[in-house]
Every structure is written in C-alpha cells, then in structure tokens.
Amino acid sequence: MKRKITSTLLFLFLAVAGLPAISERDSFEGFQEFSFFMGDSSVSYYIGPDVIRIKNRSLGSRFNRYDKELHYRKELEHGVPYIYYTESDTRFVESEDSPWGALPVEMQASDSAEKKAMFFQSDSFFLLIHEHGDFYYGVKDAYVSWERHLGTMGARESSFLREGGKSYSCENTGFDFPHNAVQWGKPWAEGAKGNGVGEWISFCVPDSVAELLPHGRLKGFISAGYVDYGRPDLYEKNSRPRIVSVYIDGVFYKDVLLEDTPNYQDITPGKFLTGAEEIKIVIKDVYNGQLYEDVCINDIIIIPFEKDDGQKVYVKI
C-alpha cells in the first residue's frame with residue numbers, strides 16, 4: 001500500500017512540475033548504442049532497424065539537452081548503402097517560470113521533408129554522412145572522439161593512378177571526418193597494369209604519447225571501393241579488394257577476407273594495435289569491376305576503444 005501511494009505522489013509531482021513523462025523514445029531495448037564527444041558536448045546514438053534516437057547533452061548544464069529521432073529506410077544503390085529519413089526534434093530548455101526554479105521545458109518540432117544520407121554501420125561504429133559533408137558519427141565504447149585516417153598517417157603505396165589531371169594517391173584520400181569536410185570521389189586507386197593483385201599500401205599507427213597512451217586499445221578499419229555520394233555506380237564499375245594480406249612491422253599477420261561492401265571492416269581481426277606499428281596491406285584477390293580494373297580503397301581509419309578494465313580516460317583534443 002505504501003509503495004502504491006509513493007508512486008502516485010511521484011507521478012503527480014512530475015506532472016505538476018512540467019517534466020516530460022517517460023515515453024517510447026526513452027526506451028532503447030534492442031538498440032545499438034554509440035557515443036561521440038566533442039568539446040563540452042556528449043552525444044549518444046541509439047540505432048534500431050528503422051529509427052535512430054539521438055540524445056545530445058551539454059556538460060555545462062543539467063537540463064540543456066536536445067533530442068532527435070530519425071525514422072529511416074535503407075536502400076542499396078550499386079552496392080553503396082544509403083538511408084532516406086525524416087526527423088523530429090524535441091528540445092529541452094531551462095525555464096525560471098516555476099515555483100521550483102529552473103526546470104526543463106519541452107519544445108517539439110518536426111520536419112516532414114525526406115532527407116538522404118550515406119550510411120555506414122558496423123558493430124564498432126557508424127557514420128551517417130550527407131552530400132555536403134555534415135554527419136552523425138558514433139563509436140561503441142568510446143570515451144573520446146579521436147581517430148586518424150589513411151592520408152594523415154604517413155601513408156605509402158606501391159603505385160597510384162593518375163587520370164585526367166587527377167591523382168588517386170593514398171595521401172589524398174577524401175574521408176577525414178569529423179575534423180575536415182569529406183571530399184567525395186578521392187579514394188586510393190592503384191596504378192599498375194593488370195588487376196591490381198600484389199599492389200600495396202602502408203601506414204604508421206600514431207604513437208603520440210598525449211593521444212595514444214591513455215587509450216590502450218586501437219583498432220583499424222577499412223572501407224573498400226570507389227565511394228562518391230553522387231556517383232554510387234563508380235563503386236561497382238571499379239574493382240575492390242576481396243582478400244588482403246596484412247603485415248605488422250614487416251611480419252605477416254593474416255589474410256583477411258573482405259565482404260563486397262564499402263562498410264568499414266576490421267583490418268586486423270582478433271588483434272588490437274598498440275601504436276607505432278607499421279601496417280602494410282597487400283592485395284591478394286579482388287572483386288572485379290564492371291568497367292575498370294583499377295582497385296580502389298575509400299578509407300582506412302584508426303579508432304581507440306576503452307581499456308579492458310573499462311576505465312574511461314578523457315583526453316583533451
């Protein structure tokens with residue numbers, strides 16, 4: 001009896017105070033959770049089969065928060081994953097118009113216009129990115145948003161394609177979210193004769209003490225193919241790596257079979273990186289392009305994950 005009265009009183013207090021009641025958007029059962037940290041903002045993403053729920057929290061204010069829902073459907077275009085979605089917003093702001101002081105007041109807005117984005121998702125992280133480079137990005141078990149891309153890690157290559165005044169060197173790969181805008185249509189493309197078997201790229205895992213040592217565990221991921229937001233047909237027209245031989249500091253690690261997708265895939269399955277290693281990726285087999293033999297790699301990224309003890313360490317970036 002006491003428990004029932006207590007629950008009733010609590011409900012009445014919340015209703016009088018103007019606090020939002022628990023709703024469906026507050027339930028995340030069956031969703032994958034990802035996080036992103038930048039400055040004083042902490043964002044949590046909850047991804048379900050047809051909806052993404054976003055909770056953005058400012059670390060400087062208890063009630064200043066911004067919630068968003070994306071209702072989407074997935075479509076493959078020439079093997080490249082896109083989503084079409086509509087979004088609805090719930091904004092909570094502080095108000096002094098209450099006898100209890102500052103309380104969160106809910107303001108809702110919705111947008112029925114359908115938007116389009118490229119959508120990469122794995123068990124470790126996801127990337128939703130629009131044509132002009134704005135994005136949503138989250139990592140599972142992330143505690144700081146830190147990453148390095150192929151073009152920023154001293155990348156080297158056996159060859160690269162030059163065509164029509166354009167260079168497809170690995171130093172110029174266009175994916176560098178979230179620090180720089182994505183430049184579409186700038187993959188690495190090998191420039192040798194034949195189907196590209198035996199060609200390679202290499203890069204060095206960063207070893208900066210300020211950035212690396214607190215993290216403890218790093219993973220590398222590869223996005224294969226020629227990826228261009230406005231030209232998804234270029235993915236199928238060009239060749240993609242199917243099997244790559246991975247070497248760490250000159251020692252063979254293993255052959256990795258890649259699925260035929262631009263989704264990011266683990267390049268060192270079963271192994272975390274510790275920093276300062278040189279990773280070399282040699283093409284051993286390919287998915288043949290419909291029109292061109294050139295083998296393309298869209299991006300390679302290094303991401304930190306929590307230590308085994310689960311301790312979260314925040315690093316200024």
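Predicted model: local features only at pLDDT ≥ 70, side-chain atom pairs only at ≥ 80, totals over all residues.
I started with L128 and listed what it touches, skipping residues up to four places away in sequence: I52, L70, I83, A117, M118, F119, D134, F135 and Y136.

Next I looked up the core. The largest nonpolar core has 37 residues, and L128 is among those with the most contacts inside it, along with M118 and Y137. The largest share of this core comes from β7, which gives 5 residues. Another core, of 25 residues, lies apart from it; V205, V256, L258 and L273 are among its members.

Then I went along β7 itself, residues 125-129.

Who is the neighbour of β7? I found β8 (residues 135-139), joined to β7 by 5 bridges and running antiparallel to it. Opposite L128 stands Y136 of β8. The two strands make a hairpin with 5 residues between them, and G133 in that turn has a positive phi of about 100°.

Rings came next. My count of aromatic pairs came to 15. I checked F119 and F126: their ring centres are 6.3 Å apart and their planes sit at 50°, so I wrote the pair down as tilted. F119 is buried at 4% relative accessible area, and F126 is buried too, at 1%.

Edge-to-face pair: F125 and Y137, because their planes are at 85°, with ring centres 6.2 Å apart. F125 sits in β7 and Y137 in β8, 12 residues apart, and the pair links distant parts of the chain. Both residues are buried. They also belong to one aromatic cluster, together with F36, F120, F135, F221 and Y264.

K116 lies over the face of Y82, 4.5 Å from the ring centre. The charged end of K219 sits over the ring of F272, at 5.5 Å from its centre.

Last entry: a sheet. I traced 5 strands in an open sheet, ordered β10-β14-β19-β16-β17, with antiparallel pairing. Which strands stand at the edges? They are β10 (156-157) and β17 (251-257); each has a single partner strand, so one side of each has no neighbour in the sheet. For β10, that partner is β14 (residues 200-204), joined by 2 bridges, and E157 is bridged to I201 there.

Notes. Residues numbered from 1 in each chain as written. Heavy atoms only, no water. Pairing = 2+ DSSP bridges. Helix = DSSP H or I, 4+ residues; strand = E, 2+ residues; numbered from the N terminus. Core = buried A, V, L, I, M, F, W, Y, C linked by side-chain atoms within 4.5 Å. Buried < 20%, exposed > 50% of the residue type's maximum accessible area, 1.4 Å probe, protein only. Contact = heavy atoms within 4.5 Å. Phe/Tyr/Trp six-rings, centres within 6.5 Å; stacked < 30°, edge-to-face > 60°. Lys NZ or Arg CZ within 6 Å of the ring centre and 35° of its normal.
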